[in-house]
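I opened the model to go through its contacts one by one. These are my notes, in the order I looked things up.

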Amino acid sequence: MSRSIRTSISRFSAALAILLAFLAAGLSLAGCSRDSSGLDGTYRIDVQLEGGTGRVSIASPAKLVAANGQLTLEVVWSSDSYDLMVVDGQEYSPASTKGGSVFDIPVDSVDATVEVQARTTRMSTPHLIDYTIALDGSSLEQGSPGQDAPSADNDAADSADAGEDSSPYRDIDLGCDLVHTGAVELAYATRFTVDEFEGGYRLICLANKDRFLIVPQGAGAPQGLDEDIAVITAPLERAYHAASNSVCLIDQLEVIDAITATSVDPQTCSIESLVGAVESGSCAYVGSYSSPDYERLAQLGCTVALENTMIDHRPDTRKKLQDLGLIVLTDLSSNEPTALGRLEWIRLYGMLFGREAQADEFFSSACKSVERASQGKGTDKTVAFFYINEDGAAVVRRSGDYVSQMISMAGGQTAFSDLGDSEDSSSVTMEMESFYAQVRDADFIIYNATVDNSVSTMSDFLAKNQLLANTKAAREGNVWRCTSNMYQQMTKTPQIVSDLRAMLEGADSSLTYLEKLS
């Protein structure tokens, strides 16, 4: 055979191979149509859930049924606490709630991204949570999902473990034989978890890896409990409270009388019930959190110290408290990435003080109030929240800070959207030139009078720096200041969001938490 003939045969074979490859690819694509046309029967498809806190998952791959040109997706939740789903305004009831809530919902295509709401009954009143379910059409295969995927037959323990990846600090191994029965589902909080055990025992795990076993009144600590787990008998009594940001939560639960001692200065505290308790003598002010009157704490018989993250900078103080026999529980709500996550810490306090139903009811109502205040509509208005420090520099809130979160919930946008988030500091200090570049075109300015109360008029504001007069907000008369100590008003989040919304919509007079400068 001549060389030219062999070359021609080789080229033909290569071309044929390429043609066959294209045909095979075409057949493969034909078997995985990207929409409902040509599909009939039962398929499995990868799905991804976004939204909530990540503590709950859905089974993937999921079952997709194609019939009469319609696609129906089976959604299998890792929790059995969902009793309703809403898709495009249509309500769907679960087909099953055994080991996990199961719903059948319609989808438009195998590549659909579906906005849904799912209602949880874990709280005292049902609460709708927003989620997004994304289908991956490239994973579509004939047949039902295999046994490896999570299913509605998951037991309670498996359901409780659904959020383990998002809460790496969660450790439910008690070292003893208490039977784990489930987990408390949280809507927004990410810095604590709560697991349930037989006999009414609750395990609280904090993001700093501290663990606390909440023991029902009349019960004792189980034998063999791991030594790192502190035991707290509920309802909590004779507590020492040093976390000013959470006074409002305790006040909301009406358990100030359980606070025997405090390091929250009554001269600067905006919570009247605590101030009144100190003045009446039912609660003792024991000085700064960093060096409290240890002898007084011992005399008062305090058993638990409720601290904020500042205690991390005073390990010597923590040790002295522990040497006195106090259990130190650090409130990490200030590290929550969302404002409602901060507020959900009221549920933890509800468990500690025996006010769980009251806490759940308040939190559920607050979430609904925030939704009503924001009206679900965004605006293109930008807001700059800051104050000028003694050095003449601007101190602004990070874009992930809870104040920025409330501005976003109200439908606005923070003027400092590129400052990110940090657990180390909620604020950033900026020199005036770089600060002015970001604030000059902001639609609204809110001066942080919580920190600097020297600004009460427009003249006071403009006197802080000559550049401020050139800002859009100053020229248009849209400069406000916060009138209350918002750092101690976590429970007023819905009202603050409502005030922010009113400001964005053009309110021309002072509101409850915002005062317009003139």
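**Aromatic pairs**

I counted ten aromatic pairs. The rule I used takes rings of Phe, Tyr and Trp (its six-membered ring) with centres within 6.5 Å; planes under 30 degrees apart are stacked, over 60 edge-to-face, and the rest tilted. The model is predicted, so I kept to its limits: local features need pLDDT of at least 70, side-chain atom pairs need pLDDT 80 or more, and totals for chains, interfaces and linings use all residues. Residues are numbered from 1 along each chain as its sequence is written, and side-chain values use heavy atoms, with hydrogens and water left out.

I looked at Phe192 and Trp345 next. They pair edge-to-face, 4.8 Å centre to centre, with 65° between the planes. Phe192 sits in strand β10 (residues 192-197) and Trp345 in helix α8, so this pair ties together parts that are 153 residues apart in sequence. My helices (H or I, at least four residues) and strands (E, at least two) are DSSP runs, numbered from the N terminus. Phe192 and Trp345 are both buried. For burial I used relative accessible area: buried is under 20%, exposed over 50%, partly exposed in between (1.4 Å probe, protein chains only).

Then I took Tyr447 and Phe461. Their ring centres are 6.1 Å apart and their planes stand at 80°, so I logged the pair as edge-to-face. Tyr447 belongs to strand β23 (residues 444-447) and Phe461 to helix α12 (residues 458-462), so the contact links parts 14 residues apart in sequence. Tyr447 is buried at 0% relative accessible area. Phe461 is buried at 0% too.

**Helix α8**

How many residues of helix α8 (residues 345-352) are buried? Eight of the eight are, so the helix is largely enclosed by the rest of the structure. Among them are Trp345, Arg347 and Tyr349. Gly354 follows α8 and has a positive phi, near 70°.

**Salt bridges**

I found 19 salt bridges. The test was a side-chain nitrogen of Lys or Arg within 4 Å of a carboxyl oxygen of Asp or Glu.

Asp83 and Arg119 meet at 2.9 Å, N to O. Asp83 is in strand β4 (residues 82-87) and Arg119 in strand β7 (residues 113-120), so the bridge ties together parts 36 residues apart in sequence. Asp83 is partly exposed at 28%, and Arg119 is partly exposed at 27%.

Arg314 and Asp316 form a salt bridge at 3.3 Å, N to O. Arg314 is partly exposed at 28%, as is Asp316 at 38%.

Asp323 bridges to Lys319, with the closest N and O atoms 3.1 Å apart. Both lie in helix α6 (residues 315-323), four residues apart, about one turn of the helix. An α-helix has 3.6 residues a turn, so residues three or four places apart point the same way. Asp323 is exposed at 56%, whereas Lys319 is partly exposed at 49%.

I also noted a salt-bridge network that links Asp171, Arg211, Asp226 and Asp228.

**The eight-stranded sheet**

Last, I traced an open sheet of eight strands, ordered β5-β4-β7-β8-β1-β2-β3-β6, with antiparallel pairing. Its edge strands are β5 (90-92) and β6 (102-107), and each pairs on one side only. Strands pair here if DSSP finds at least two bridges between them. Strand β1 (residues 41-51) and strand β8 (residues 127-142) pair over eight bridges. Arg44 has Glu141 of β8 as its bridge partner.
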